[in-house]
Amino acid sequence: VLQHTFPHIFATAHFYLVHAHCTTLNNISSSNLASLFSKKLFIHIDITDGVGKDEYGIRFLQSLGADGIISTRTNIIKQAKKLGLATCQKFFIVDTHSLSTTIDAIKVGKPDMIEVMPGLVSKVIKKIKEESDTFIISGGLLTTEEEIEKAFSDGAMGVSTSIRSFW
């Protein structure tokens, strides 16, 4: 169904499986599933219980098969990049100050991609796209196909949504 609804997603070389809310990490069976479908496994370290938010936590997730790390923290992004993991940094943009801070953090941390939240911020996506060549994921509050299409037309390269019908 998704292949017909959003063909541009499946036409891209990189489409990522984001695995979040892990509380038991003895065996990440999703990494096998991700490999089976030629997807990359990203783990949101900020919300992963029982894993340190430091180099040791990142190394642990890497040893379990994570291809990348998602975090709001620039220091985590920089450490993950040093260890050879792909990175996605999340930003919550609520005003012009947070937009400026976001652009500065992108320049410092150099994440491979970013997620801009809330996802209904087309003006912000356009501004970041103008000033950065970073892969942008629009996330948060996206509940309709029109909103998702708008995010793509504004310059986002991916979307993040909890609405299962869009998965």
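This is a predicted model: local features need pLDDT of at least 70, side-chain atom pairs count only at pLDDT 80 or more; totals for chains, interfaces and linings use all residues.
Leaving aside its neighbours within four places in sequence, which residues is Leu-99 in contact with?

1. Residues are numbered from 1 along each chain as its sequence is written, and side-chain values use heavy atoms, with hydrogens and water left out.

2. You will find eight helices and seven strands in the protein; these are DSSP runs (helices: H or I, at least four residues; strands: E, at least two), numbered from the N terminus. Of its 167 residues, 43% are buried, where buried means under 20% relative accessible area, exposed over 50%, and partly exposed in between (1.4 Å probe, protein chains only).

3. Have a look at helix α7, residues 122-131, whose buried residues are Val-124, Ile-125 and Ile-128. Seen down the axis of α7, these fall within an arc of 100 degrees, so they line one face of the helix; the arc is that of the directions from the helix axis to the C-beta atoms. On the face turned away from the buried side, α7 carries the exposed residues Lys-123 and Glu-130.

4. The cover over the buried residues of α7 includes α6 (96-109), β5 (113-117), β6 (135-139) and α8 (145-154).

5. Back to Leu-99, which sits in helix α6 and is buried, at a relative accessible area of 16%. Apart from neighbours within four places in sequence, Leu-99 is in contact (heavy atoms within 4.5 Å) with Ile-93, Val-124, Lys-127 and Ile-128. Leu-99 and Ile-128 are 29 residues apart along the chain, and 8.5 Å separates their C-alpha atoms.
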